[in-house]
Amino acid sequence: MTATNDEIRIGVVGTGKIGNGHLKRYADIPGARVVAVCDINEAAARAAASEHGVADVYTDYHQMLARPDIQAVDVCLHNQLHRPVSIDAMQAGKDVYCEKPIAATYADGLAMVQAAERTGQRLHVQIGTIFSPAVRVAREMVDAGRLGEIYHGRAYVNLRHSRPFVDGRNTAQFVRKETAGGGALIDWGIYVMCKVLWLMGNPKPTRSTGQTYDKIPMDPARRAEARYDVEEMGCGFVHFDNGATLDVLAAWAMNLDEQNGCAVAGTKGGVMFPSLVRRDDHDLPPRFFSAVADPWVTEPLDLEAANARWAEAGLADAYDSPQHHWVRVQQGKVELLPTARIALNMILIAEGVYRSVELGREVTTEEVLEMGRAESRP
């Protein structure tokens, strides 16, 4: 790791809801200093700068990238803008922290990862769920071999009626393919898929099948105003190159009780995470399942003990959130987790589901990649 100064000077591109959330979080991270914000909406940028005590405001991010004193750039824009801004930032010598998903398409995400490799800059994607104590404990058990060979993962999240814009939250850009790339599968599905991929070792998908739905009634005027053309629910089944499989479901709207969880099953044991949508389940630890001789063993994982051990080792702060991690990486205190590669794999899985829907059959990863290349050609 390359040692850096303790104060990390950051520029934030995008001052909407997500950008303001990032600015608020940086204020609580020792060593993080946001010195500039940028947004094409100058009024919004100035309001954010005033609220969060940021000195400089830009409406052209290229001008901000020209500043040699800015070490890292935080990209908080709509999905289709992640690629150009992130690549420009890395080519300007800045490390990049990008809001999830990595991009609107796999081709765009791959270009970002390749730009990081080409320039030597670090690319971090906001997949916050892998930083939870529950996932950290589970990952330690995987690394210690307690689960054996992990051969199946399950990732699921469904809400009742929470479609962006049409149901009253966020903006219409979330439900337009031209700006978002997809719907619930890459918006909410990423939170659970990334946990499972991280625990499974991020294997490469080889073939996928799936289906998307837009079934729950909505106000016709809101649909027209939003130009709604993405899925409210997506589900799929994925085969990986190591023989493992994954089933996934993500829904913004579904006439079932809300739930959000994931699980991984191995030859020696498995881990199941409780729902993170139901409020009364928020503090429940994951459970470990195994067998000792004939008896079955089911035990909760002790998160309090793990947190205490990490604190004693001086590691807790570096994994409190993706932004805490990003700052500590910039300071040279820890190595960057492979969030960009995990996020890239997630978007490949989502595209596999989308292509399966288009073709009405199971698709191979080679087909998905070729279809993506064909669409991106001039």
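Start by selecting helix H12, residues 322–330: 9 of its 9 residues are buried, so the helix is largely enclosed by the rest of the structure. Here, buried means under 20% relative accessible area with a 1.4 Å probe, counting protein chains only. Helices (H or I, at least four residues) and strands (E, at least two) are DSSP runs, numbered from the N terminus.

A word on what you are viewing: this is a predicted model, in which local features need pLDDT of at least 70, side-chain atom pairs count only at pLDDT 80 or more, and totals for chains, interfaces and linings use all residues. Residues are numbered from 1 along each chain as its sequence is written, and side-chain values use heavy atoms, leaving out hydrogens and water.

**Around H12**

Among the buried residues of H12 are Trp326 and Arg328. Now show what they pack against: strands S1 (8–13), S2 (32–38), S4 (72–75), S5 (95–98) and S6 (123–125), together with helix H1 (17–26). Just after H12, click on Gly332, which takes a positive phi of about 80°.

**Into the core**

Next, select Ile102, Leu123 and Ile130. These residues have the most contacts inside the largest nonpolar core, which has 84 residues. Such a core is a set of buried Ala, Val, Leu, Ile, Met, Phe, Trp, Tyr and Cys residues joined through side-chain atoms within 4.5 Å. Helix H13 (residues 339–359) gives the largest share of this core, 11 residues. What is Ile102 in contact with, leaving aside its neighbours within four places in sequence? Its partners include His82, Met112, Leu123, Ala340 and Ile347, where contact means heavy atoms within 4.5 Å.

**Across the sheet**

Now colour the strands of the open sheet, 9 in number, in the order S14-S13-S12-S11-S7-S10-S9-S8-S15, with mixed pairing. Two strands pair if DSSP finds at least two bridges between them. Strands S14 (296–300) and S15 (363–364) stand at the edges, each with a single partner strand, so one side of each has no neighbour in the sheet. Zoom in on S7 (residues 150–158) and S10 (residues 245–251), which pair in the parallel sense over 7 bridges. His152 stands opposite Thr245 in S10.

Finally, bring back H13: this helix lies across S8 (205–213), S9, S10 and S15, running at about 60° to S8. That angle is taken between N-to-C directions, from 0 to 180 degrees, with axes as lines fitted to C-alpha atoms, for helices over the stretch in contact.

How values were computed:
Buried means under 20% relative accessible area, exposed over 50%, partly exposed in between (1.4 Å probe, protein chains only).
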